[in-house]
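I opened a two-chain model today and kept notes as I clicked around. Here is what I looked up, in the order I got to it.

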Amino acid sequence: MSRLLRMDQTGHTVIAEWTAEDAQSTQAARLAFQEQLDQGCFAVVSEGPGRAQQVRELPLDEPVVILRRPIAGG
Amino acid sequence: MSVEASAVPRAGLPELSAVHWRQRADESTLRRAGRRWTLCTAAHVFPLVATAAVLAALNPLTIPVGLILLAHAWAIPELYAARGAKVLRRPGAQDAHAEAVALGLLGDLLDHEGRDFLTRTGLVLEQGALGVWLLAPSGALLVTPGARRVHCYCVGVSDASLPPSDRTAHLLLALREDEAGLATVANLAFAGAPWRLRRRLRGSARAGLDEAVGAGRGG
């Protein structure tokens, strides 16, 4: 089961869960993913030690996709 | 869909568009920024010291005035270092449960050593191409190779309602996406010798800096 997580004031929230073989869950996850991107979030997948990659489409084979908000200099 | 198919080409952090006028950070821009910082500090301090010396030479009665000038010359670099130390401050969590959840996610992003360091210091230690990074909820510190200089950056996610560990996780993910991009987006708060910063840190943050400096020296 793959998960789409959004970091928020609760720690994090599971926005969607899917399995690649289940068309219904993947469709729902894609919609939720796009909705979060439209709200200004960036989606990131961890690529192992010290590396991460931003994605603009939901990678269905990834176990965890994390949504983060923009950062800026303070 | 695979990550390769859905990934954004590695053009850098999307936040870079908000600071398009800045030159992308690399070793040479960091070196220049460090030298500029040293020159700026010297430009503040030297006139005060010189004036104190000239006054004392002209008339010993002005020595008290000279001492005040020297105190200013001492205080200005200390204030800069104090500003740099603030980037490693860890604000208290408004919601303990949310912070525990956020800490779990941050721990999942780290290996065993990284989690151990996080437990001891409340900070994240990450080795990058530009040096060794220390990440906190509202800032980042870069120890350049050789550990002769540290760069303190004010940078973070603007939403204050996020638990501290989530804010650190934001910086960690951004760093892993594009290290030079993070150094470009961030605002420099201080650059100087680690010992100047160390005096302004307490407890676990000081221990964290010591380990980062050790790692920066290759130890």
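What share of the contacts in chain B with a separation of 6 or more comes from residues 24 or more positions apart? I looked it up, and the share is 72%. A reminder to myself before going on: this is a predicted model.

**Entry 1: chain B as a whole**

I listed the elements of chain B and got nine helices and five strands. Starting at the N terminus, they go α-α-α-α-α-β-β-β-β-α-α-β-α-α. I also checked the extent of the C-alpha trace of chain B, which is about 80 × 40 × 35 Å along the principal axes. Of the 219 residues in chain B, 40% are buried.

**Entry 2: two helix pairs in chain B**

I picked helix α2 (residues 27-58) and helix α3 (residues 63-85) of chain B, which pack with their axes 8 Å apart at an angle of about 165 degrees. Angles over 145 degrees count as roughly antiparallel, so α2(B) is roughly antiparallel to α3(B). I noted the handedness too: α2(B) and α3(B) cross in the left-handed sense.

Then I looked at who does the touching. On the α2(B) side I found, among others, His44(B), Val45(B), Leu48(B) and Leu55(B). The α3(B) side includes Leu69(B), Leu70(B), Ala73(B), Ile76(B) and Tyr80(B). How many residues of the contact of α2(B) with α3(B) are nonpolar, polar and charged? I wrote down 14 nonpolar, five polar and no charged.

Next I took helix α5 (residues 112-121) and helix α9 (residues 203-216) of chain B. Their axes are also 8 Å apart, and the packing angle is about 145 degrees. Here Phe117(B), Arg120(B) and Thr121(B) of α5(B) meet a set of α9(B) residues including Ala205(B), Gly208(B) and Glu211(B). The class count for the contact of α5(B) with α9(B) is three nonpolar, three polar and two charged.

**Entry 3: the strands around β2(B)**

I zoomed in on strand β2 (residues 132-136) of chain B. Is it mostly covered or mostly open? It is mostly covered, with five of its five residues buried. I turned the strand over to check both faces: Val132(B), Leu134(B) and Ala136(B) are buried on one side, and Trp133(B) and Leu135(B) are buried on the other.

One bridge pair to click on is Val132(B) with Val143(B). β2(B) and β3(B) make a hairpin with two residues between them.

**Entry 4: the sheet in chain A**

I moved over to chain A and found an open sheet of five strands, ordered β2-β1-β5-β3-β4, with mixed pairing. The edges are β2 (11-18) and β4 (52-55) of chain A, each pairing on one side only. From one strand to the next, the twist averages 30 degrees. Helix α1 (residues 23-38) of chain A packs on this sheet and touches β1, β2, β3 and β5 of chain A.

Inside the sheet I followed one pair, β3 (residues 42-46) and β5 (residues 64-68) of chain A, which are antiparallel over three bridges. Val44(A) sits opposite Ile66(A) there.

**Entry 5: where the chains meet**

I counted 39 residues of chain B in contact with 32 residues of chain A. Which element gives the largest share of the side of chain B that touches chain A? It is α6(B), with eight residues. That side of chain B has 23 nonpolar, nine polar and seven charged residues.

Strands also pair across the two chains: β6 (residues 71-73) of chain A runs antiparallel to β4(B), over three bridges. Ile71(A) has Val157(B) as its bridge partner.

Last stop was Gly74(A), in the segment after β6 of chain A. Gly74(A) counts as partly exposed because it has 16 C-beta neighbours inside 10 Å. Setting aside neighbours within four places in sequence, I found Gly74(A) in contact with Ser138(B), Cys154(B), Val155(B), Gly156(B) and Asn187(B).

Conventions: Residues are numbered from 1 along each chain as its sequence is written. Chains are lettered from A and ligands numbered from 1 in the order in which they are written. This is a predicted model: local features need pLDDT of at least 70, side-chain atom pairs count only at pLDDT 80 or more; totals for chains, interfaces and linings use all residues. Two residues are in contact if their C-beta atoms, placed from the backbone, lie within 7 Å. Helices (H or I, at least four residues) and strands (E, at least two) are DSSP runs, numbered from the N terminus. Ala, Val, Leu, Ile, Met, Phe, Trp, Tyr, Cys and Pro count as nonpolar, Asp, Glu, Lys and Arg as charged, and the others, Gly among them, as polar. Two strands pair if DSSP finds at least two bridges between them. A residue is buried if 20 or more other C-beta atoms lie within 10 Å of its own, exposed if 12 or fewer, and partly exposed in between; C-beta atoms are placed from the backbone. Axes are lines fitted to C-alpha atoms, for helices over the stretch in contact, and angles run from 0 to 180 degrees between N-to-C directions. Angles under 35 degrees count as roughly parallel, over 145 as roughly antiparallel, 65 to 115 as roughly perpendicular and the rest as oblique. A crossing is left-handed if the near helix is turned anticlockwise from the far one by less than a right angle, and right-handed if clockwise.
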